[in-house]
Every structure is written in structure tokens, then in C-alpha cells.
Amino acid sequence: MNAAEITEKLGLQAIKNIRWYIQATCATTGDGLYEGLEWLSGSFIYERFFECPLDYSQPQNGQTVRVFVRHIVPLGKESQTRELPFMLYLQGGPGFECRFPGSVKGGWHCTAITEGYQILLIDQRGTGLSSPINADSLDARFGTTAEKVEYISHFRADNIVRDCEHIRKILCQDRADKDSKLALLGQSFGGFCITTYLSLFPESISKAFITGGIPPLVDGPDAVYQATYSRMMSRNKQYYEKFPRDVARVRSIMKHLNEVDVALPDGGRLSPRRFQQLGISFGFTGGFDSVHLLVFHAANDLETLGKLSTHTLTAIASSQSFDSNPLYCIMHEAIYCQKGTPSLWSAHRVRETCFAAEFEHSWDRIAASGEGDSSPVYFTGESVYPWMLDDYAELRRLKDVAQGLAEYTGWGQLYNVDVLAKNTVPVAGVSYYNDMFVDFYLSEKTALAIKGFRQWVTNEFHHNGLRADSRVMTYLVNLLRGDITDL
């Protein structure tokens with residue numbers, strides 16, 4: 001039965017107020033399947049690879065990285081790829097690839113297309129399909145820890161931005177200068193990258209939007225963790241106010257994990273401190289509920305089985321991204337380092353010297369606290385620690401590399417404050433007042449240091465506001481356009 005016959009049999013011609021479409025397909029050959037999926041997604045997608053220099057200061061040495069970009073063009077505008085302006089999206093992280101968008105008919109993708117853009121989704125170097133970094137890929141190329149550390153040192157925001165600039169020049173080589181600029185959208189760490197882009201290549205940017213990622217202009221991460229640990233304490237109090245019975249549940253789980261060596265199905269170890277890391281979800285919409293569900297299942301396992309079930313252990317391991325995205329751990333603190341400042345496991349040092357009692361993990365000390373059974377055990381947030389290199393299966397193989405990066409003193413400048421102070425690029429950004437990942441007060445200082453920055457401050461959303469609600473992108477577009485002035 002062909003498409004015309006199906007249309008007639010279903011009476012689709014009589015449907016006037018709903019958009020419909022029939023794509024002829026063949027199940028045995030696959031003909032028509034991609035076309036049908038493109039219609040459903042509202043876009044045509046090109047998958048592109050680019051060879052970029054590993055070290056832009058020495059491009060002649062021949063070392064390269066392969067960078068993947070997913071190029072999204074609105075349906076019906078495939079013939080306009082040489083004219084439509086680009087919006088480049090920079091993903092949060094560090095260490096995460098861009099998600100494949102099931103559809104561009106909603107969310108920020110829809111806003112970008114409505115504004116007339118075609119979209120570039122880049123897997124930043126070291127992630128996804130862009131010369132991914134993991135224990136296997138490093139072992140295949142290098143024989144020593146020093147070689148691996150030197151290689152990974154080229155995978156920060158400065159070179160991510162240089163990759164973007166390299167790709168921009170290729171895609172826009174036939175365009176006039178005024179038509180070759182990129183609009184930028186950066187989520188979280190992607191906003192850090194945009195600020196580096198504004199420092200290095202402001203002439204290549206038409207406008208920029210930052211969501212939950214206005215970076216602190218610091219030379220090292222200590223000040224960041226001083227702020228975010230305090231924010232995490234507030235989030236823990238809110239969590240236990242919502243789920244007061246979880247105080248006893250979490251205590252029972254922590255007691256069990258202190259007494260029993262619990263192996264995870266993937267070969268990792270669920271230590272008390274790793275369990276506390278579930279608190280990273282507190283920074284997202286719905287995060288309290290997702291953690292409560294894991295706590296509830298774990299406590300029920302202990303009550304009924306006397307141990308944690310494989311189902312629960314798998315769910316806990318699946319909620320943590322450090323094994324699948326190892327850069328998120330081993331390069332996490334390096335994103336704050338400038339002027340040769342080593343991170344030296346900053347989050348661990350700050351926790352031990354300033355917040356050890358608040359984020360206690362030893363059951364002996366928890367049990368000995370003066371508040372008895374009513375004392376809540378606090379979860380931690382977005383922070384990395386040296387002990388993770390023993391508890392996470394994939395990270396164990398990167399232990400020496402991670403230590404080398406923590407001690408590395410070759411970090412250069414990521415931001416040029418003089419250039420930012422003279423900025424002429426239209427920039428708008430949202431700071432989430434209760435953001436657990438990027439401290440509001442540090443972000444506010446940076447926003448004031450970037451000339452012309454239009455900052456929107458709200459407590460309505462959490463760190464994933466861009467993904468959680470399409471209003472975030474729409475508001476920023478209107479803010480930059482001048483339609484919103486009551487800030």
C-alpha cells in the first residue's frame with residue numbers, strides 16, 4: 001500500500017487543524033526511515049568531523065585531534081546552509097558530549113531555529129566522538145604518565161575555543177566577514193568556554209548567551225569550593241526538611257557502608273564517601289526526589305535483605321557519571337586554574353580543613369556526635385576527591401594521571417580581563433541564585449567585569465534550567481534584544 005492509499009484509507013485529507021505527514025518506508029531495506037525521523041525531529045542533521053591541531057601554539061608538529069560536530073538545519077532550509085547564521089552550543093562539563101536532540105520542535109533548539117539559526121552541537125575535544133579520553137585511549141597512544149598528563153593538558157577551555165574558531169573558519173570560508181560570526185550558547189562549563197571565547201576571539205562572535213555558567217575569575221579553585229560547600233549545606237537542610245524520615249535512612253546506610261565493603265556491579269566500590277556524592281543531584285530540578293528514591297530503596301534493602309540489592313547498586317552506579325566521562329573528574333578542578341596554579345585536590349583540602357564535621361563520612365564520628373540519631377548526614381555536591389580514584393572502576397586506571405594533573409603547574413590564562421572590560425559583543429546570561437554548581441556571588445563579580453553584560457538573576461530554576469524550561473532561552477533572547485528592561 002502506497003502513501004496515497006494510506007492517506008485515503010485513513011481519511012487524513014479531512015483533518016485540517018493538525019499537521020500530518022506520511023513518509024513511504026520499507027522495513028526490509030530501511031528506505032525512507034531517515035526521512036521520516038527527520039520530519040519527526042523537525043530538522044535535517046549533518047554529522048561532521050574536523051581535524052584540529054592538538055596544540056595551537058605548535059600546529060606544525062602534525063599532532064591533531066578529531067572533533068565531531070552535529071550540524072542541524074531546519075527542515076525545508078537545506079539549500080540555505082551557506083547563508084543561515086550559526087548558533088554554536090557549548091555543553092556543560094567538563095568532559096561531557098552533546099546530547100542527540102530527539103526533536104528541535106521544543107526547548108532552546110526551537111527558539112534558536114525560530115530566531116533564524118542553524119545549530120552546531122560540538123562534542124568538545126576529549127568527549128563523545130571527539131578524540132575521547134579514557135584509560136583505553138590513553139594506553140593505546142602513550143607509554144608514560146608524564147606523556148598522558150602533557151596530552152590532557154591541551155583539553156581545557158582555551159583549546160576547546162580554538163577548535164570552535166578553527167571549525168568556524170572552515171564552515172564560513174565563503175562568507176563575508178559580517179556573515180561569518182557565530183552566535184554562542186553555553187550551559188554551565190559551556191559558559192566558561194564562552195567567556196574564554198570573548199577573551200580570545202571577540203571579533204568572531206555576533207552575540208552570546210550563558211546559562212548557569214558565568215565563571216569565577218579566579219586563579220585557583222579554593223574560593224569556589226569555599227562558596228559551594230556552604231551552598232551545599234543549605235541544600236542538605238532543604239532536602240531533609242522535605243524528607244525528614246531520610247535522616248534515619250541515610251544514617252543506617254552510612255553505618256552499613258562503614259561496616260561492609262560493598263562492591264558495585266561494574267567493579268567499583270560503594271564507599272560511604274561515594275554514597276554521599278549522590279548529593280550532586282540536589283543541583284537539578286527534581287534532584288531531591290531522585291536521591292530520595294535511591295535512599296528509600298537502599299534503606300528498604302537493608303531492612304528486608306540485610307544488604308544492598310543488585311538493583312539498587314546498579315541504580316546508584318548509573319546515577320554517577322565519573323566512569324563514563326572520566327574528564328569530569330580528572331580535569332574538573334583544572335578548569336579554574338590560571339597562572340600556573342596547581343589544583344592540588346582543592347575540594348578535598350577545603351573539605352578537610354573547613355567542612356570536615358559538616359560532611360563527615362566516618363560512622364564512628366557520626367555516631368559520636370552530640371545530636372545522636374537526629375543528626376543528619378550531609379551529602380556532597382559537584383566536587384572531586386583523590387579517593388575517587390580507588391572507588392570508581394574506570395578511574396582506578398587513571399589514578400597516576402589524575403595525580404599528575406592535580407600537581408600540574410603549566411596552566412596558562414583562560415580569561416583576559418582587559419579584553420572583557422572593553423567587550424563590545426552583546427552578551428546576556430542567567431545566574432540561578434541558588435545554583436549549587438556555580439556560585440551566584442562569584443558569577444555576579446564576573447558579570448560586572450564584562451562590559452555590557454546583561455545579567456538575569458532568578459531563583460525560579462536550578463542549574464539545569466535551560467534543559468528544564470524553554471522559557472530560559474526565550475527570556476535571554478528577549479533580554480538581549482531589549483524587549484525586557486526591568487532588571
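**A helix and its surroundings**

The buried residues of H7 pack against strands E3 (86–90), E5 (182–187), E6 (205–211) and E7 (427–432), and against helices H6 (157–171) and H19 (417–421). Contact means heavy atoms within 4.5 Å. Helices (H or I, at least four residues) and strands (E, at least two) are DSSP runs, numbered from the N terminus. This is a predicted model: local features need pLDDT of at least 70, side-chain atom pairs count only at pLDDT 80 or more, and totals for chains, interfaces and linings use all residues. Residues are numbered from 1 along each chain as its sequence is written, and side-chain values use heavy atoms, without hydrogens or water.

Eleven of the twelve residues of H7 are buried, so the helix is largely enclosed by the rest of the structure. Buried means under 20% relative accessible area, exposed over 50%, and partly exposed in between (1.4 Å probe, protein chains only). Among the buried residues are Phe189, Phe192, Ile194 and Tyr197.

Now look at the cores. A nonpolar core is a set of buried Ala, Val, Leu, Ile, Met, Phe, Trp, Tyr and Cys residues joined through side-chain atoms within 4.5 Å. The largest has 118 residues, and Ile152, Phe275 and Phe379 have the most contacts inside it. Helix H8 (residues 222–242) gives the most to this core, with eight residues. Another core, of 27 residues, lies apart from it; Tyr89, Trp108, Ile119 and Val477 are among them.

Finish at Tyr433. This residue is found in the loop between E7 and helix H20 (440–449). Tyr433 counts as partly exposed because its relative accessibility is 32%.
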